[in-house]
Amino acid sequence: MRLILLGFGVVGQSFVKLLLSHSTDLYNDYGIKPKVVACADNGGIITCDQGLDLDRLLNVKKKKKSIIHYGVKGNRSEILDVIENIDAEVVIELTPTNIVDGEPGKNHIISAMKSGKNVITVNKGPLALEFPSLMELAEYNRIAFKFSGTVGGGTPILEFAKRCLKGDRIISFEGILNGTTNYILSKMYEGLNFSEALQDASEKGYAEKDPTLDIDGYDAVAKLVIASNFVMNMKSTMKDVRREGIRDVKPSQVLNERKKGNAIKLIASCDGKNLVVEPKPASMKDPICVDGILNAITFTCQHSGQQTIIGKGAGGMETASAILRDLIDIRSTIRS
Ligand code: HSE
């Protein structure tokens, strides 16, 4: 499978490491022999029709900070041209989330779809801003559009709701959708102050490039919008969500709630009508009351009752595993 990789930060590099370490399984189990024919980072884009040498790509990025030093010249203005004109089956869009206008990811995704390429993204901006129109464009161009890693990192929250709860009606859902704030709130209970905990989360690669997206609740809002559209067929966008972040949560509040058997969590909820992201106490006995970078979400269903899924919600390898899952799905679709 010929892949175009747009964005080569923590997640992009982890994905390439997964391709290298899983190459035998990918071929034996799924018939996938991936070739990265183009790769872009903020330095520019490089292409190679025979497939880039992935070990060398990782080394160049590590040593010289940009893949542009790989040896094939290119610049950012050529990205759309590459997406449209290079022969490839899948464009993997991994540029940082931008919740103001979704760019540059939105344009990358639209160009890929219009040129008939399947798309995988973990970029939340384009979907949070324009979910319905992107789904429509994917359908119109008859391509697969996969975004498993946008919600829950490596935890298959969207697939769980869509596939495993098939036939039941999801009435509402609520949970923790941002790993960084959950990590900060957990560390605050352990005695770390807010900025120490945030620095820790950034160093571990959990926080967004602009961590205010995490702290002020925008990242959770984006995920709530994606989940409500995908799982409950709502037509919501970010402005439909009532939002409050964790900036004003005091260590004393965290400690006081613990004495009552609660933990303060940034909870995202959807009742089919109202969408809310806010910090509030959750009982320690509630399965969604998880710590660290874990995400947890409870779906309340008409027939099967409540179902909770828990897993790591952030991290390079975790999110890269969602991309691999999506790639395998696309491969099965192409085959059938
Ligand atoms: N910054 C995000 C989080 C990364 O902490 O949940 C995963 O989307």
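## Aromatic pairs

F131, F145, F147 and F230 form one aromatic cluster in this predicted model, and a search of the whole structure finds six aromatic pairs. A pair of aromatic rings is described by the distance of the centres and the angle of the planes. For F160 and F299 the ring centres are 6.1 Å apart and the planes stand at 40 degrees, so this pair is tilted. The two residues come from distant parts of the chain, with F160 in helix 7 (residues 157-164) and F299 in strand 11 (residues 294-301), 139 residues apart. F160 counts as buried because its relative accessibility is 18%, where the cut-off for burial is under 20%; F299, with a relative accessibility of 1%, counts as buried as well.

F299 also pairs with F173, again in a tilted arrangement, with 5.6 Å from centre to centre and 50 degrees between the planes. This second pair likewise links distant parts of the chain, since F173 belongs to strand 7 (residues 170-176) and F299 to strand 11, 126 residues apart. Both F173 and F299 are buried.

Six strands make up an open sheet in which the order is 3-2-1-4-5-6 and the pairing is mixed. Strand 3 and strand 6 (145-146) stand at the edges, and because each has a single partner strand, one side of each is left without a neighbour in the sheet. In a regular strand the side chains alternate between the two faces of the sheet.

Both senses of pairing can be followed in this sheet. Strand 2 (residues 35-41) and strand 3 (residues 44-47) pair in the antiparallel sense over four bridges, and these two strands form a hairpin with two residues between them; within this pairing, D41 stands opposite G44 in strand 3. Strand 1 (residues 2-6) and strand 4 (residues 90-93), by contrast, pair in the parallel sense over four bridges, and the bridge partner of I4 in strand 4 is V91.

## Surroundings of the ligand

The ligand is surrounded by K124, N178, G179, T180, Y206, A207, E208, D214, D219, K223, G313 and A314. An oxygen atom of the ligand is 2.8 Å from a polar backbone atom of G179, and a nitrogen atom of the ligand is 2.8 Å from a polar backbone atom of Y206. A side chain takes part in a further case, in which an oxygen atom of the ligand is 2.9 Å from an N or O atom in the side chain of K223.

## K124 beside the ligand

K124, one of the residues that surround the ligand, lies in helix 6 (residues 124-140). Its relative accessibility is 7%, so K124 counts as buried. When neighbours within four places in sequence are left aside, K124 is in contact with T97, T150, E208, D219, A222, K223 and I226. Among these contacts, E208, D219 and K223 also belong to the surroundings of the ligand.

How values were computed
Residues numbered from 1 in each chain as written. Predicted model: local features only at pLDDT ≥ 70, side-chain atom pairs only at ≥ 80, totals over all residues. Heavy atoms only, no water. Phe/Tyr/Trp six-rings, centres within 6.5 Å; stacked < 30°, edge-to-face > 60°. Buried < 20%, exposed > 50% of the residue type's maximum accessible area, 1.4 Å probe, protein only. Contact = heavy atoms within 4.5 Å. Pairing = 2+ DSSP bridges. Near = heavy atom within 4 Å. Polar contact = N/O pair within 3.5 Å; in protein donor to acceptor, adjacent residues only side chain to side chain.
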